[in-house]
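Subject: Structure handover

Hello,

Here is the structure I promised to pass on. Please open it alongside this note; what I found follows below.

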Amino acid sequence: MLILTRIKPSEYHDSITLMQAAAALLDMPGVEDAAVVMGTPANRELVDAAGLLTPEFAGARPDDLVIVVKAADEAAGQAALKKAEEILGRRAERTQTTAVRPKSLASAIESDGQTNLAVISVAGRYAAEEARTALEAGLHVLIFSDNVSLADEIALKDLAARRRLLCMGPDAGTAIINGVALGFANAIPRGTVGIVSAAGTGLQGVSSGIARRGAGVSQGIGTGGRDLSEAVGGTMMLLGLTMLQEDPGTEVIVLVSKPPAPTVAQKVLAAIGGKKPTVVCFLGADPGAIEKAGGLPATTLTQAATIAAALATGANYCDALVTLETESQSLIDLAEAERPKLAEGQWALRGLYTGGTFCYEAQLLLKNLPEPVHSNAPLVKANRLADSTHSVGHTVVDLGEDEFTQGRLHPMIDPALRNRRIVQEAHDGATAVILLDFVLGYGAHDDPAGAALPAIAEAQAVAHAAGRHLLFVASVCGTEADPQRLSGQEAKLRSAGVLVLPDNASAVRLAGLITQGCVVC
């Protein structure tokens with residue numbers, strides 16, 4: 001292996017373009033790793049950590065474009081460098097236009113008096129300033145950017161609340177506002193269910209589940225993951241809840257989050273007020289406290305979608321939950337049929353997640369396993385992986401965490417990192433089940449299931465050569481109206497021998513039943 005570096009002085013491309021170019025290089029024959037980044041000190045550290053730093057990179061300036069390729073030989077490396085320049089050249093040509101384009105957010109607002117919402121997707125150190133400009137101009141804001149300081153988030157949300165404006169984020173990956181999907185949202189029909197979620201894939205899971213049960217969404221408000229912390233105080237969940245209570249187009253409300261800070265939970269539950277039926281899915285929270293406040297507790301994202309859809313369509317939600325439980329019990333027979341296929345010594349469950357909320361939900365459902373479930377984002381600090389790149393026993397990994405996405409596209413966009421991890425897990429003789437999620441939507445990969453098939457086939461071949469049988473269990477989050485089409489994605493996975501379940505909770509339960517015979521009720 002050799003590492004080749006090419007410096008393009010004073011050449012700028014946005015981060016998404018750079019990461020997409022790097023992803024394309026990783027698919028080329030003979031290329032083991034690649035980075036296409038600006039020559040900033042932060043990127044230099046990332047490249048060094050990946051083992052790609054060369055003397056040429058060390059001399060690059062922050063405004064220089066740097067292409068680094070680790071390849072099997074000179075020919076493969078030079079081909080990759082040439083490919084990177086071709087890709088970046090085509091992108092530059094497509095972005096050229098003779099139309100006058102605003103050079104700042106302020107000028108964009110001034111040029112269009114109809115604008116009422118701004119999406120902020122710039123480097124975190126600039127995001128707060130841009131968001132403040134939009135809020136002061138009377139616009140709602142969705143801050144897609146991460147790495148915004150906690151102090152800035154508090155100040156921005158206080159400003160937004162005083163002006164009765166939504167400040168969604170920072171790090172808000174999904175929203176559905178007046179039928180318009182933002183970020184990683186799915187194609188969801190308009191309806192009467194309003195959602196406020198402090199979890200991006202949580203909002204996707206619930207909204208998709210609602211759509212698949214014949215109902216629709218009025219508004220889907222993403223608050224960002226820190227909103228329900230003690231420091232932020234639930235400012236946007238409280239405002240979003242109030243707005244949905246006042247919205248004539250919303251008849252049922254769903255609140256989604258990991259457990260809030262105790263004082264924040266009290267404030268949010270006190271605000272339910274019985275005005276409209278409110279389903280509360282605070283994953284891992286006490287259902288009794290939710291019932292006492294007048295809410296309808298849901299212990300999984302699927303339960304939340306089931307209850308909300310039943311209320312919206314006039315069905316009996318208790319009957320719907322009974323049906324859901326009956327379907328869950330049927331997994332026992334399926335697990336007993338699959339378990340004998342495993343060889344002696346195969347016992348470990350390996351969850352490789354692109355959705356952080358699904359990873360969290362999986363750990364909750366698996367908490368009754370006899371052995372601990374390790375993770376890079378653990379429920380219990382003692383179960384944190386010492387090395388997130390290597391599994392230990394039962395392991396559930398969130399591949400969307402910052403440690404994996406710095407300098408790379410999110411795994412919902414670029415599956416290359418997870419595909420390599422799938423094959424890696426197959427080499428471990430203890431691996432019995434590999435648990436996967438596939439998230440569809442406007443911002444996601446155009447064929448996530450198809451992109452995983454080669455890795456699944458290679459992993460199965462590795463296990464077969466060692467006299468083992470490797471089981472794959474998966475769920476697909478999305479709808480038939482999504483660009484990737486739900487049924488088509490599920491069919492591709494089934495064709496590869498994957499056990500496809502209708503939702504993450506069912507997939508986790510089946511994986512737990514196969515490996516240990518028990519999961520949380």
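Which are the buried residues of α20? They are Asn504, Ala505, Ser506, Ala507, Val508, Arg509, Leu510, Ala511, Gly512, Leu513, Ile514 and Thr515. Keep in mind that this is a predicted model.

**Helix α20**

That list covers 12 of the 12 residues of α20, so the helix is largely enclosed by the rest of the structure. Its length also checks out. At 1.5 Å a residue, 12 residues should span 16 Å, and the end C-alpha atoms of α20 are 17 Å apart, which agrees. The N-terminal end is capped by aspartate 503. A side-chain oxygen of this aspartate sits 3.2 Å from the backbone nitrogen of alanine 505.

**Threonine 515**

Threonine 515 belongs to α20. Its relative accessible area is 11%, so it counts as buried, the cut-off being under 20%. A polar side-chain atom of threonine 515 is 3.0 Å from the backbone oxygen of alanine 511. The side chain also reaches the backbone oxygen of glycine 512, at 3.3 Å. Neighbours within four places in sequence aside, threonine 515 contacts Trp347, Ala348, Leu349, His394, Ala432 and Val433.

**The cores**

In soluble globular proteins, nonpolar side chains tend to be buried together. Here the largest nonpolar core has 58 residues. Ile195, Val254, Val473 and Ile514 touch the most other members. Helix α20 gives the most to this core: seven residues. A second, separate core holds 45 residues, among them Ala118, Leu135, Leu241 and Leu255.

What does valine 473 contact, leaving aside its neighbours within four places in sequence? The contacts are Val433, Ile434, Leu435, Leu436, Val498, Leu499, Leu501, Ala507, Leu510 and Ile514.

**Isoleucine 120**

Now a look at another site. Isoleucine 120 is in strand β4, residues 117-120. Is isoleucine 120 buried or exposed? Its relative accessibility is 4%, so isoleucine 120 counts as buried. Residues up to four places away in sequence not counted, isoleucine 120 touches Leu105, Ala127, Glu130, Ala131, Val141, Leu142, Ile143, Phe144 and Ser145. Glycine 169 is 49 residues from isoleucine 120 along the chain. The C-alpha atoms of these two residues are separated by 9.5 Å.

Best wishes

Technical notes:
Residues numbered from 1 in each chain as written. Predicted model: local features only at pLDDT ≥ 70, side-chain atom pairs only at ≥ 80, totals over all residues. Heavy atoms only, no water. Core = buried A, V, L, I, M, F, W, Y, C linked by side-chain atoms within 4.5 Å. Buried < 20%, exposed > 50% of the residue type's maximum accessible area, 1.4 Å probe, protein only. Helix = DSSP H or I, 4+ residues; strand = E, 2+ residues; numbered from the N terminus. Contact = heavy atoms within 4.5 Å. Expected span 1.5 Å × (residues − 1). Polar contact = N/O pair within 3.5 Å; in protein donor to acceptor, adjacent residues only side chain to side chain.
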